[in-house]
Amino acid sequence: MKTYFMTHWNGAETYFEKNLKSTYYFCLAFFGIMIILNTLLFLNDPGLSQSYFKELQSLFNQKEFLNSTGVELWFGIFFNNVIASGISILLGMIPFLFLPMFSLASNAIVIGLIGAVYQTNGFGWFVFLVGIIPHGIIEIPALILGVTLGVNICFKLVKAILKRSIKGELKQAFIGCLRIYVLWVIPLFFFAAFVETFLTPILFNVVLPA
């Protein structure tokens, strides 16, 4: 069993190093820039940020698991993230459009919006960061990695359609991405959801102004 696991783990690591590393860092940079730009945009127009924030709250209220607590909330957040990331990867199977990048952009917009709202409402950056960093330091790499897998699959499909791919390259991409999703992305979301459920609220309440 251990040998089987290590074979797939090493395969995932090798595929990431050879095919995904540069794409991952590009997505990371894109995500960071989008957060900064959207934060500045919403800070510049508090009315717009409040309006979008109300819509965001409405969307969150539709997710029934967010009204849960404890283990139920933990697994609700976990499965929500796993499904969302899986959909992002599947969008990569639509060639030429690189749709997973839109998923990354939408998450950056949400973070930028929340950061701006916290600032304009007087909570400050410190409270915002305490509320997002403990679980975000695990969840965001998983999110970006999932998008990276989708972008990679899209790129390999484009190469295959244009007949510029090496024999077996697309199959290798599917196997490599599946390994990374199962062995890296899912466990990262699992631990991130645990932190978000049990640790983040404690830290957040400590620093939240009375």
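Ala, Val, Leu, Ile, Met, Phe, Trp, Tyr, Cys and Pro count as nonpolar, Asp, Glu, Lys and Arg as charged, and the others, Gly among them, as polar. The model is predicted: local features need pLDDT of at least 70, side-chain atom pairs count only at pLDDT 80 or more, and totals for chains, interfaces and linings use all residues. Residues are numbered from 1 along each chain as its sequence is written, and side-chain values use heavy atoms, without hydrogens and water.

The chain holds seven helices and zero strands. Helices (H or I, at least four residues) and strands (E, at least two) are DSSP runs, numbered from the N terminus. In sequence order the pattern is α-α-α-α-α-α-α. The radius of gyration is 19 Å, close to the 17 Å that the globule rule gives for 210 residues, so the chain is as compact as a globular protein of that length. This radius is taken over C-alpha atoms, and the rule is 2.2 Å times the number of residues to the power 0.38. The C-alpha trace spans about 60 × 40 × 30 Å along its principal axes.

The largest pocket has a volume of about 1,800 Å³. On a 1 Å grid over the protein atoms alone, a pocket is an open set of points where a 1.4 Å probe fits, with protein on both sides within 12 Å along at least five of seven lines; lining residues have an atom within 4 Å of a point. Grid points are joined across faces, edges and corners, and a volume is the space filled by probe spheres set on the points. Of the 46 lining residues, Phe 60, Leu 66, Val 110, Ile 114 and Glu 196 are the closest to the centre of this pocket. The lining has 26 nonpolar, 17 polar and three charged residues.

The second largest pocket holds about 170 Å³. Its lining includes Ile 35, Thr 39, Ile 111 and Trp 125. Helix 1 (2-44) and helix 5 each give two or more residues. Helix 5 supplies the largest share, eight residues. By class, nine lining residues are nonpolar, two are polar and none is charged.

Ile 35 lies in helix 1. Beyond its neighbours within four places in sequence, Ile 35 is in contact (heavy atoms within 4.5 Å) with Ala 108, Ile 111 and Gly 112.

The axes of helix 3 (residues 70-91) and helix 6 (residues 169-198) come within 8 Å and cross at roughly 145°. Axes are lines fitted to C-alpha atoms, for helices over the stretch in contact, and angles run from 0 to 180 degrees between N-to-C directions. Residues of helix 3, including Trp 74 and Phe 78, meet residues of helix 6, including Phe 189 and Phe 190. This contact has 16 nonpolar, five polar and one charged residues.
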